[in-house]
Amino acid sequence: MLSCWKITPILPLNTHKFKASKKFCCRAENSQDVTSQPKESRKRVLVVGSGWAGLGAAHHLIKQGFLILGFWYPYRNIYSLVDELGIKPFTNWMKSAQYSEDGLEVEFPVFQDSPELPTPLGPLTQTQFTRLPLVDRLSSLPLMAAVVDFDNTDSAWKKYDPITARELLRQFGCSEKLYRNVIDPLLEVRLYAPPEQISAAATLSVLYYYVVSHQKNLNLSLCRGSARERIFDPWRDLLKSKGCEFRRSRGITDFLFNEETGCITQVLGGNARLKADAVIMAVNISTLQEIIQRSSALCAREEFQKVLNLASVDALSVKLRLDRKITIPTACNVCSGFDGSSGWTFFDLKSIYEEHENDETTVLQANFYYASSLLPLTDEQITAKAMSYLSKCIKGLADAQIIDKEITRFPKSLTHFFPGSYKYSMRGSTSFPNLFMAGDWIITRHGSWSQEKSYVTGLEAANRVVDYLAEGSFAKIIPVDEDEPHIEALRNLNRNFKEFTAQVPWASYFLQ
Ligand SMILES: Cc1cc2nc3c(=O)[nH]c(=O)nc-3n(C[C@H](O)[C@H](O)[C@H](O)COP(=O)(O)OP(=O)(O)OC[C@H]3O[C@@H](n4cnc5c(N)ncnc54)[C@H](O)[C@@H]3O)c2cc1C
């Protein structure tokens, strides 16, 4: 029975000039009672990475940095975790808005307060479009055929992944205005790249998860301070109190495995050699790519060689304190199209962070995605750009003076779901029987995205460890809400139709 785990996080030496956040490996040692059980009989699970995925995995195993603000309604596993931790890190559901270079485009209400309509009527009728004509909005309807057809199965991913999001929207008759002013920014801030460089499969999955499946999925709550302080610190404290040890490291250099069983036996990092009964890798793509290139064990395996074809995106965050109070209509905002820039978001931290609640000044945070062109700029140049963009959205901002600023660069930190990337992506299990994967880029059929997906894949990895070691009980993973009845009926009809057409001679002759 797995009831207690010892976690040892390892902070690698960091030489990249842009890297700002701390890195951890966690070693989880399991025992029924760490102190009473003989040391040699304890099972050791090494968890590499301590973000949502890594701590998620460690969290389950133990029982038995972060500028992230947005937590959407369907992040059910995360909401359940914070309840379990006994913390209240989030605001109530909040309105959000979307800006184009022309000004305010869309206001998303708190859907919880509105009557629930069959999808997609809720987002179509209850969202306030300030300038987009009805005919443009209606041009999104044909896309529902692709939404119904894309059921998050392996074959759906293989069918839609080679196409770009832009091509998909063009094929399904989306109007230029709807694309440019509404869908493009929405996708850029959820999938971190312009639609002509995003997989149509990832697009359909994201649109379904956040927008189409249920209108309340558009509801958003925000963290009332930094996620590190509000969630990760208490979470780590809890894990420590249950016997986890967090340890710094110089980064993973290689793995030793048993030739007969194929199982990883030791993980090498700096001068350390950590014995492990199972290993969970919960790092982002660029970190894994660095590890693979150093590791003779990993780079000999096809599934890890393929990871070298994957890609990551740079992000950048700007926090500004201004010398005066300025009214910002909506706390959470999505923008794009400024100087041809990619998608970005801005947040009124005075309305979100508890620590700024009574400030006499204005505190804003802007996050820029696909931000490679911004990373080499000086802090002053970045601040000037951010102020010029923000001034186009907020009245009175251009006259304000900056009294404090904090620029954080996140090189290669976000997953790039580029067209064709699915075939290189990893699943939760690997060709090493005791090495498992977790993270927001790992293939799962759960249907969630971003932080929730990372956390869920962490729990899934923990379950694979429980299964492999044949000890303990499985973590409960809350599934995404079921399809609404009419979507379920349409999907069944579509499946039957596809089964029928698959039997037609020459059905597989043409390019799908
Ligand atoms: C600016 C920004 C804003 C975002 N906003 C949101 C948002 O509002 N809502 C949302 O849902 N998502 C948001 N995201 C995405 C979200 O952060 C990710 O989906 C999530 O953090 C992924 O979690 P993870 O555990 O898979 O990976 P990570 O969070 O990347 O965690 C990986 C862990 O591995 C560690 N690590 C790295 N290198 C090593 C090494 N060599 N050895 C050991 N450990 C290492 C890292 O320190 C980290 O602890 C945002 C991301 C960025 C960059």
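How many of the 18 residues of α17 are buried? I counted one, so I noted α17 as hardly covered (buried means 20 or more other C-beta atoms within 10 Å of the residue's own, exposed 12 or fewer, partly exposed in between, with C-beta atoms placed from the backbone).

Basis. I worked on a predicted model, where local features need pLDDT of at least 70, side-chain atom pairs count only at pLDDT 80 or more, and totals for chains, interfaces and linings use all residues. I number residues from 1 along each chain as its sequence is written.

Helix α17. I took helices (H or I, at least four residues) and strands (E, at least two) as DSSP runs, numbered from the N terminus. α17 covers residues 485-502 and reaches 26 Å from its first C-alpha to its last, close to the expected 26 Å (1.5 Å times one less than the number of residues).

Domains. I looked up the domain assignment of the protein chain: domain 1 is 4-69 + 76-87 + 226-310 + 421-469, domain 2 is 96-218 + 482-502 and domain 3 is 312-415. The bounds come from an automatic or database assignment. I find the C-alpha centres of domain 2 and domain 3 27 Å apart. Their contact takes 15 residues from domain 2 and 18 residues from domain 3 (contact means C-beta atoms, placed from the backbone, within 7 Å).

On the side of domain 2 that touches domain 3, β5 (96-100) and α8 (176-191) each supply at least two residues. The largest share, six residues, comes from α8. By class I list eight nonpolar, three polar and four charged residues on that side (Ala, Val, Leu, Ile, Met, Phe, Trp, Tyr, Cys and Pro are nonpolar, Asp, Glu, Lys and Arg charged, the others, Gly among them, polar).

α8 and α9. I followed α8 to helix α9 (residues 200-212); the two pack at about 95°, with axes 11 Å apart. Axes are lines fitted to C-alpha atoms, for helices over the stretch in contact, and angles run from 0 to 180 degrees between N-to-C directions. That makes α8 roughly perpendicular to α9 (the class for 65 to 115 degrees; under 35 is roughly parallel, over 145 roughly antiparallel, the rest oblique). L187, R190 and L191 of α8 meet A202, T203, V206 and Y210 of α9.

α2 and α16. I then checked helix α2 (residues 76-85) against helix α16 (residues 450-469): the angle is about 75° and the axes are 8 Å apart. N77, I78 and L81 of α2 make the contact with Q451, E452, Y455, V456 and L459 of α16. I class these residues as five nonpolar, two polar and one charged.

Terms used:
Two residues are in contact if their C-beta atoms, placed from the backbone, lie within 7 Å.
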